[in-house]
Amino acid sequence: MAPFLIPLLLLVLQNLIIFINSQPSPGYSPSSSLSPIKFGEGYTNLWGPEHQTISPDQYSTTIWLDSNSGSGFKSINSYRNGYFGASIKLQSGYTAGTNTAFYLSNDQAYPGFHDEVDIEFLGNIEGRPYVLQTNVYVRGSGDGGDGHIVGREMRFHLWFDPTADFHHYAILWNPDEIIFFVDDVPIRRYARKIEAMFPQRQMWVYGSIWDASNWATDNGRYRTDYRYQPFVARYTNFKIGGCAESAPASCRSVSSSPSGNGLSSEQYAAMEWVQKNYMVYYYCQDYTRDHALTPEC
């Protein structure tokens, strides 16, 4: 082989690897059907008001955690289904022990017996990536009232730096499925396989940042270090396309795919790409757990 061809072949090989590993397009963007709302149109502060600011144009909010408090906000309305999204930018550097969240819950309406659908960003020590944790709790499985906390976690590393810019994270919940999206790419679909294992009661939308040192980073090995405070999370581009509890029965939420519910073949391919390359934990594949408690596996 002529020596001058070697660099050319290496370049071709490098580009081929990049092409093979590149993110496939899902071919559909559920977020594009919704316009951003002002923070006060959909949300209100829930706790830590002194640790939250609203942007002058009212479309963004910043919350932070320090040694005194974290902060959280809650939707004004409850919903029986819908699409709920926000663009979030995370803090860089040492963030171990912190939990930045965007989630659905009805814990205040059903204390000790609540449902919850989570997107959580678990901080890490400097040089290690955030873990994005998705989770589903059903009818008190996250409350530990019977001595068990039964989560349905799927965790990921991200294919981009979530501290460099805003990215859109969303939960789509309808009577048949829950789909988690990152920049309109579906990363997880939790189907309604068993009636009792699927949340069906009204839920509110929440955002928060708090100290989860006991478990968030390497099961509590690394804790929140307040020498690095404040820990800041920025939210913008709020989108809600849901059926409020008071909406008529004819109300329908945003479609998850071009055909309505479920995912298209392109969306499935994109989701499989994420799970193959970036999933780091899936509860159904954790054989140290008692799967009698998670029969949907």
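Strand S3 (residues 61-65) and strand S14 (residues 231-244) run antiparallel and are joined by 5 bridges; helices (H or I, at least four residues) and strands (E, at least two) are DSSP runs numbered from the N terminus. Within this pairing, Trp 64 stands opposite Val 232 in S14. The model is predicted, so that local features require pLDDT of at least 70 and side-chain atom pairs count only at pLDDT 80 or more, while totals for chains, interfaces and linings use all residues. Residues are numbered from 1 along each chain as its sequence is written, and side-chain values use heavy atoms, with hydrogens and water left out.

The two strands belong to an open sheet of 7 strands with antiparallel pairing, ordered S2-S3-S14-S5-S10-S11-S12; two strands pair if DSSP finds at least two bridges between them. Strand S2 (52-54) and strand S12 (185-191) each have a single partner strand, so one side of each edge strand is left without a neighbour in the sheet. On average, neighbouring strands of this sheet are turned by 20° against each other, direction ignored. Helix H3 (residues 265-278) packs on the sheet and touches strand S11 (177-182) and S12, contact meaning heavy atoms within 4.5 Å. The direction of H3 makes about 95° with that of S12; axes are lines fitted to C-alpha atoms, for helices over the stretch in contact, and angles run from 0 to 180 degrees between N-to-C directions.

In H3, Gln 267, Ala 270, Met 271, Trp 273 and Val 274 are buried (under 20% relative accessible area; exposed is over 50%, partly exposed in between, with a 1.4 Å probe and protein chains only). Seen down the axis of H3, these buried residues fall within an arc of 155°, so they line one face of the helix; the arc is that of the directions from the helix axis to the C-beta atoms. Ser 265, Glu 272 and Lys 276, on the other side of H3, are exposed.

The chain has 2 disulfides, a disulfide being a pair of cysteine sulfur atoms within 2.5 Å.

| Disulfide | Sulfur atoms apart | S-S torsion |
|---|---|---|
| Cys 243 and Cys 251 | 2.0 Å | about -95° |
| Cys 284 and Cys 297 | 1.9 Å | about -80° |

Cys 284 and Cys 297 both lie in the segment after S15, so the pair ties together parts that are 13 residues apart in sequence. Cys 284 is buried, with a relative accessible area of 13%, whereas Cys 297 is partly exposed at 44%.
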